[in-house]
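Colleague: I have not worked with this one before. Can you walk me through how the helices pack?
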Amino acid sequence: MELFANLAHGFAVAFSPINLLMCLVGALVGTLVGVLPGIGTIATVAMLLPITFGLPPVGALIMLAGIYYGAQYGGSTTSILVNIPGEATSVVTALDGHQMAKQGRAGPALAIAAIGSFFAGCVATVLIAVLGAPLTKLALAFGPAEYFSLMVLGLIFAVVLAKGSVLKAIAMIVFGLLLSMVGSDIETGASRMAFNIPELADGLGFATVAMGVFGFAEIIRNLDHGAEMNRNLVQQKITGLMPTRKDIADSTPAILRGTVLGSILGILPGGGAVIASFAAYTLEKKLAKNPSRFGRGAIEGVAAPESANNAAAQTSFIPLLTLGIPPNAVMALMVGAMTIHGIVPGPQVMQKQPDLVWGMIASMWIGNLMLIIINLPLVGIWVRLLRVPYRLMFPSIVVFCAIGIYSVNNAPVDVVLAGVFGLVGYWLIKHDFEPAPLLLGMVLGPLMEENLRRALLISRGDWSVFVSRPLSAVLLAIAAGLLVLAVLPTLRAKRDEVFVESEG
Amino acid sequence: MSDTPSEAPVKSILPKWVRGPQDFVGGLAMMAVALFALWASSDLQGMHGFSFGAGTAPRMFAVLLLLLGGGVALMGVLQAGPHIAAYSWRGPLFVSAAIVFFALAIRPLGLVVSAFAAFMIAAMGSQETKLVEAVIVGACLTLGCALLFPYVLGLPMPMFPRFLIQ
């Protein structure tokens, strides 16, 4: 079996001391970020990109991946204990998880969240290993037209699954595409929209923009409400981690359903962990015999979304590793990390860099195991961290981000640009524009332009190439269908309903 | 994201027929970005034959954004929507000031001075900042960064003001 040989190879790579350490560091930093509200995964990964310069590529990616799934764990801990979701992915976990904590059942809630996440993580790891090879073969059948259509589909998915206005989300994507055009043209080398500023000749740094719209903008926005957030900690001691037999019986099917749903939504471009947790919660509520239990401490309401977000966080690596297309903003940053280390993501990575791919896959499983072992005993420490007041945290984040951006190119202009994008991001939030599609557009922009140009060159300027090639036509048809569905009033109402749950 | 105030309508400079000021202004701003991009890429080469020039794709996406921005603005006219959210000045001002100061100071003054000063400037962005506490945390953070970036991570960076070293 090739699969087992590959996995064995991966584990051999991942078990080297340096990679184990990277995995642990990633998982811990991820948990920390997940616990602290006001600092998100995207900003952290952007902030830590420069730090990975000095590391070997495998170790760097293992650490960044660890941050991503570690944050899913950390977010659930604070959701349950103090009703503050550290991450958007655990907003729904707070609904039932915190109710359980109030009833003195914080222990079982934490345990089920951890077990569900671990189980989902294991399944997702196997899934990546199984689907990796066939999808890579499929990718080889892709020409430029198919690639372009696939990216269109991915962006449309991002729009449909984003909350708020479809029109505004598309506008954000196109804004991102335009931003990606700044700098030298790939084919002619002509300088585009750079206004003779030498620092812009290479294009806008992706980490710079990400740190601006996600890091700085978020901080400025949080300051609007006053730095002191309302934090009423659950003070009582956590007793008895073990769930009862009934808890396990109740949550097993929920974990299974959450895992399946999360895995599927993770693979789809534009999906990701946030959507997966919302969808899993909604599904459980629909399937439940007695839906009124939800919101009052139903253990399924913890098990399903926690499994789903962890599964999705991991399966979203599949399109990145096989097709070279990042399905969400964090994966887009992973592309940035790979590029820094001279690795071009895409089907060839699997063949040329087996160490990297399989090592990372194996490290995910190890990381999940580490998380379940370190997290439950450390719960007390994480909760204590929440008492660090925001008035001290935010200037630290500002300074840390500034140093981080500066160190990428040793360019002070980059720091100023990030500040400008911070203000742009603040304005976008005030006008209810979502920044995530902007980032996705910015990452996919160069890839899209390149494939569009190539496809039209091959077809001698005939635009019908996108519909005359069957694979491309199918992808575009799905995209068009999704867009129509998203604009239909009945489905819109349903979609909004899913998001309203989070505010309840 | 519920930054939109729901209180009684603030005095608006926009005409009455604008029913969703937030979308209306947002759409107009997107159109402005698109027009700016069109102007900025106007000097680039367009299509020649059936191959793209350097300016083809930027202009294509700019036109698309112009249309989408127009659509958003139109929605702001047709559909009742939220008012423009209130902006606060303190947070944005001090956080931006800290960032700009850091960018200007890092080369001549080095990491230690610029990181600490940037921390203090940013801290002023909130009314709840206590001076002594901020100084202590700022100093610790500066020390931590001064050890982390150049030594642990091996990223070259000036540490102290230039005039002190020379």
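Colleague: Which residues in α5(A) meet α11(A)?

Modeller: This is a predicted model, where local features need pLDDT of at least 70, side-chain atom pairs count only at pLDDT 80 or more, and totals for chains, interfaces and linings use all residues. Residues are numbered from 1 along each chain as its sequence is written, chains are lettered from A and ligands numbered from 1 in the order in which they are written, and side-chain values use heavy atoms, with hydrogens and water left out. In α5(A), Val91(A), Val92(A), Leu95(A) and Asp96(A) meet Ser277(A), Phe278(A) and Tyr281(A) in α11(A). Contact means heavy atoms within 4.5 Å, and helices are DSSP runs (H or I, at least four residues), numbered from the N terminus.

Colleague: At what angle do α5(A) and α11(A) pack?

Modeller: About 40 degrees, with the axes of α5 (residues 91–102) and α11 (residues 273–287) of chain A 8 Å apart. Axes are lines fitted to C-alpha atoms, for helices over the stretch in contact, and angles run from 0 to 180 degrees between N-to-C directions. That makes α5(A) oblique to α11(A); angles under 35 degrees count as roughly parallel, over 145 as roughly antiparallel, 65 to 115 as roughly perpendicular and the rest as oblique.

Colleague: How do α4(A) and α12(A) cross?

Modeller: At roughly 160 degrees, and the axes of α4 (residues 57–82) and α12 (residues 300–315) of chain A come within 9 Å. α4(A) and α12(A) are therefore roughly antiparallel. Their crossing is right-handed, meaning that the near helix is turned clockwise from the far one by less than a right angle, while anticlockwise is left-handed. The residues in contact include Tyr68(A) and Ile80(A) of α4(A) and Val302(A) and Ala313(A) of α12(A).

Colleague: New topic. How many salt bridges are there over all chains?

Modeller: The structure holds 11, counting a side-chain nitrogen of Lys or Arg within 4 Å of a carboxyl oxygen of Asp or Glu. One of them joins Asp247(A) and Arg105(A) (3.0 Å, N to O).

Colleague: What does the pair Asp247(A) and Arg105(A) tie together?

Modeller: Asp247(A) lies in helix α10 (residues 245–267) of chain A and Arg105(A) in the loop between α5 and α6 (106–140) of chain A, so the pair ties together parts that are 142 residues apart in sequence.

Technical notes:
Helix = DSSP H or I, 4+ residues; strand = E, 2+ residues; numbered from the N terminus.
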